[in-house]
Amino acid sequence: ALMTVACQLGNSLDGEVVAGVMTAAARNPVLAKTMHEYMYEKKHAVHEAVIGRAVQRGELDPATDPDLLHEVLHSMVLARRLEICEALDGEFARHVVDDVLIPVLTHRTT
């Protein structure tokens with residue numbers, strides 16, 4: 001569900017604005033700080049909750065870092081949006097969840 005919402009936002013007019021602002025933030029430290037607060041800090045509790053529920057269900061190791069979910073999910077969306085310029089559709093959402101997020105989040109180091 002989180003990936004679907006991210007794709008919907010990425011496909012919207014707001015997504016276009018965010019992509020433009022993120023490009024500008026790469027050259028403006030004040031804007032970059034504001035974007036970090038908006039794109040990371042405000043969403044961190046959601047990512048913690050998603051990981052926490054998966055841990056409770058026994059799907060993830062309790063040591064799983066919620067930041068990893070944020071990093072991977074948003075990197076995939078932004079790369080697709082900014083570099084590949086293809087739709088953030090249901091097939092892409094499925095691919096990211098099944099082929100990227102689940103393997104990354106369930107990978108156990110020994």
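In which helix is the place of Arg 80? Arg 80 sits in helix H5, where helices (H or I, at least four residues) and strands (E, at least two) are DSSP runs numbered from the N terminus. This is a predicted model, in which local features need pLDDT of at least 70 and side-chain atom pairs count only at pLDDT 80 or more, while totals for chains, interfaces and linings use all residues. Residues are numbered from 1 along each chain as its sequence is written, and side-chain values use heavy atoms, with hydrogens and water left out.

**Overall form**

- The chain has six helices and zero strands, in the order α-α-α-α-α-α from the N terminus on.
- A compact globule with 110 residues would have a radius of gyration near 13 Å, and the 15 Å of the chain agrees with that; the radius is taken over C-alpha atoms, and the globule rule is 2.2 Å times the number of residues to the power 0.38.
- Along the principal axes, the C-alpha atoms fill a box of roughly 40 × 30 × 25 Å.
- Of the 110 residues in the chain, 30% are buried (under 20% relative accessible area, with exposed over 50% and partly exposed in between; 1.4 Å probe, protein chains only).

**Nonpolar core**

- The largest nonpolar core has 17 residues; such a core is a set of buried Ala, Val, Leu, Ile, Met, Phe, Trp, Tyr and Cys residues joined through side-chain atoms within 4.5 Å.
- At least two residues of this core come from each of helix H1 (2–11), helix H4 (44–56), helix H5 (66–84) and helix H6 (90–106).
- H6 gives the most to this core, with six residues.
- Met 3, Leu 73, Val 77, Phe 92 and Leu 101 have the most contacts inside the core.

**Helix H6**

- The buried residues of H6 are Phe 92, Ala 93, Val 96, Val 100, Leu 101 and Leu 105.
- These buried residues pack against H1, H4 and H5.
- H6 bends by about 30 degrees at Val 97, the bend being the angle between axes fitted to the seven residues ending there and the seven starting there.

**Arg 80 and Phe 92**

- Arg 80 counts as buried because its relative accessibility is 16%.
- Leaving aside neighbours within four places in sequence, Arg 80 is in contact with Cys 85, Glu 86, Ala 87, Leu 88, Asp 89 and Phe 92 (contact means heavy atoms within 4.5 Å).
- With neighbours within four places in sequence again left aside, Phe 92 is in contact with Met 3, Cys 7, Met 76, Val 77, Arg 80 and Ala 87.
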